[in-house]
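Please open the structure in your viewer and keep the selection tool at hand. The tour moves from one selection to the next.

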Amino acid sequence: MSKPALRAEARQRLRALAPDARAAADAGIARRLWTVPEIAGARMLLLFASLPEEVATDEIAREALRRGITPVYPRSLGEGALSLHAVGDLAHLRPGRYGIREPDPGACEAVGVSAIDAALVPGLAWDREGHRLGRGGGYYDRLLAHPEWRAFRCGLFFAAQEVPPLPADDWDSRLDAVVTEHGTVRFWE
């Protein structure tokens, strides 16, 4: 199946999640995430401002702040490029280029890729090989392939987003782990 067809199927799966099941899954993922040592021990944690159909990340960011972990969010610069910014208050996230909340660069300090200890990565689907299917812009694949990237890569997904092996291109960056409401899957142990 082609990536566009897989994206369409993944969007259907996400729309099919009942609101109460989604809320319970969000809570389970948020709890389970903190059992992953690389996440719990991070000093700077890259998050994404979730879209309505994605795993909710605001409570994860608030918990990171409570734990003394600095949340870092991407800001789209266009053409597949992102800048990263430390966010000390979620009120500093504003609608950006694609309607996704992004850090206000006037209120949030820029952070280099090498400062990130762990990253929570979004996507439409994932497989047991550590591949993820993004939205097609290549933003995260470019970021995760940056020569200075050393951080742990953890996908946040609902269990319903798991698919059989995804088609992978040479430029697709693999994840180190995925956290769902049913468990944590590590790919390199």
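Begin with helix 4, whose buried residues pack against helix 2, strand 1, strand 2, strand 7 and strand 10. Buried means under 20% relative accessible area, with a 1.4 Å probe and protein chains only; helices (H or I, at least four residues) and strands (E, at least two) are DSSP runs, numbered from the N terminus. This is a predicted model, in which local features need pLDDT of at least 70 and side-chain atom pairs count only at pLDDT 80 or more, while totals for chains, interfaces and linings use all residues. Residues are numbered from 1 along each chain as its sequence is written, and side-chain values use heavy atoms, leaving out hydrogens and water.

Within helix 4, select Ile 60, Ala 61 and Ala 64, the buried residues. They cover an arc of only 100° around the axis, so they lie on the same side of helix 4; the arc is that of the directions from the helix axis to the C-beta atoms. Just after helix 4, Gly 68 has a positive phi of about 80°.

Next, display the sheet: 8 strands form an open sheet of mixed pairing, in the order 6-3-2-1-7-10-11-12. Strand 6 (110–111) and strand 12 (183–186) stand at the edges with a single partner strand each, so one side of each has no neighbour in the sheet. Two strands pair if DSSP finds at least two bridges between them. Strand 10 (residues 152–156) and strand 11 (residues 177–180) pair in the parallel sense over 3 bridges.

Finally, select Arg 22 in helix 2 (residues 19–33).

Note on methods
Buried means under 20% relative accessible area, exposed over 50%, partly exposed in between (1.4 Å probe, protein chains only). Contact means heavy atoms within 4.5 Å.
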